[in-house]
Amino acid sequence: MPLIELKHVSKVFPVRQGILQRVRAEVQAVANVSLQIYPGETLGLVGESGSGKSTLGRLAMRLIDSTDGVVRFDGEDVTKRRGKGLRTMRAGVQTVFQDPFAAFNPLLPLRVSVSEPLQVHRGQSQKESMTRLRELMPLVGLSASHLDRYPREMSGGQLQRMAIARALTVEPRLIILDEPISALDVSTQAQVINLLEELQRQLGVAYLLIAHNPGLVRHASDRIAVMYLGEVVEIGSAGDVYDAPKHPYTHALLSAVTVPDPDVQRTRQRIILRGDVPNPADPPSGCRFHTRCPLALDICSSDVPEPFVLDNGGVVRCHLHTTGPKLAGRPIVDLDIPAVPQTIAL
Ligand SMILES: Nc1ncnc2c1ncn2[C@@H]1O[C@H](COP(=O)(O)OP(=O)(O)OP(=O)(O)O)[C@@H](O)[C@H]1O
Ligand SMILES: [Mg+2]
């Protein structure tokens, strides 16, 4: 059974403008998304800035209400849950964000901030929570003495380890990692990713790993979901999505990722998408990607593509799989060249 299941979930934000803050438009930040996160797995969530990744994470932990659709946690419908029931669920889903310096009160020693989930969810006093805090420090590669420090006395990497420790205090089943390493330098990034993987092996915790740089999440993810303008356009195992993308957007997004094998890298061409990301308050009709898709068909501007479910459980939303040349779940590169231009520039 999935730990978290989203079924046809959407989120619309009002856009307010002017002195009177009147609602001038609406942004559909997340549009009809269905996905599952299973116990102990890492689901990588990639997509350009503004594609709705953080909003999806906040919907999954019920930090915000969805406009439409159903959110299930452990099989139970939590879409409308409030009060104590919601707090119980939230203890099971913790978050770690991009900027560790913004995550802690600069005026308090770290032990106070790190023990907060234990106070909120378990009713423990600061003193009672110290046993658990000391136990967690070696797990995240820090020592108990770090708990007495203030945030400014720590490096970014150390502080992110503290944020991970804070998330672990209440033994969550899922941690939503929203760009957890983007603010760190390259060598620290690898250390934090390794730490997260090691913790998963030891504790069996699941991760939703959000990143706009897909290169960083491949090896840490079991499955990958790709977002474009609020929609999940493709989801599948990390190997499948990276090595044999089924959606033209995934193909383009991943063409920019450097692969470790130089022979493979030499054969890869970077695909530059034409045009800018459309205004999310006024998304294109039909398939939202059609205005930038090098392979768009007539139907793409009029009809929203239905999900095509692959034999291995992966899903792709693209008319190429159901109409036209009918890829029916095969990778984009299977289309006859020159149907796939190697480099598409404006
Ligand atoms: N509270 C809000 N009110 C209004 N619009 C919002 C709000 N939160 C997000 N949005 C809009 O929803 C869309 C998706 O935003 P979101 O932060 O989820 O994107 P993202 O994929 O996390 O981007 P990034 O990679 O830059 O973090 C954007 O167009 C954003 O402007
Ligand atoms: Mg974000």
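Here is a short chat about reading the ligand site and the confidence scores in this predicted model.

Me: Before I look at any detail, what does the chain average in pLDDT?

Reply: pLDDT is the predictor's confidence in each residue, from 0 to 100. Here the chain averages 91, and 95% of the residues score at least 70.

Me: And where does pLDDT stay under 50?

Reply: Over residues 337–346. For that stretch the model has 20 contacts beyond four places in sequence.

Me: OK, on to the ligand. Which residues come nearest to ligand 1?

Reply: A residue goes on the list if one of its heavy atoms lies within 4 Å of the molecule. There are 14 residues around ligand 1, and S49, G50, K53, S54 and T55 come nearest.

Me: Which elements supply at least two residues each to that shell?

Reply: Two to find in the structure: β2, spanning 22–37, and α1, spanning 53–60. The most comes from α1, which gives three residues.

Me: How many of the shell residues are nonpolar, polar or charged?

Reply: Sorted by class, you get seven polar, four nonpolar and three charged residues around ligand 1.

Me: What about distances from side chains to an oxygen atom of ligand 1?

Reply: For a polar contact, look for N or O atoms within 3.5 Å of each other. The side chain of S49 has an N or O atom 2.5 Å from a ligand oxygen. For K53, a side-chain N or O atom sits 2.8 Å from an oxygen of ligand 1, and a polar side-chain atom of S54 is also 2.8 Å from a ligand oxygen.

Me: So how much of ligand 1 does the protein bury?

Reply: Start with the ligand taken alone: it exposes 650 Å². The protein then buries 65% of that.

Technical notes
Residues numbered from 1 in each chain as written. Chains lettered and ligands numbered in written order. Predicted model: local features only at pLDDT ≥ 70, side-chain atom pairs only at ≥ 80, totals over all residues. Heavy atoms only, no water. Polar contact = N/O pair within 3.5 Å; in protein donor to acceptor, adjacent residues only side chain to side chain. Areas by Shrake-Rupley, 256 points an atom, 1.4 Å probe, with all protein chains shown as cover. Helix = DSSP H or I, 4+ residues; strand = E, 2+ residues; numbered from the N terminus. Nonpolar A, V, L, I, M, F, W, Y, C, P; charged D, E, K, R; others polar. Contact = heavy atoms within 4.5 Å.
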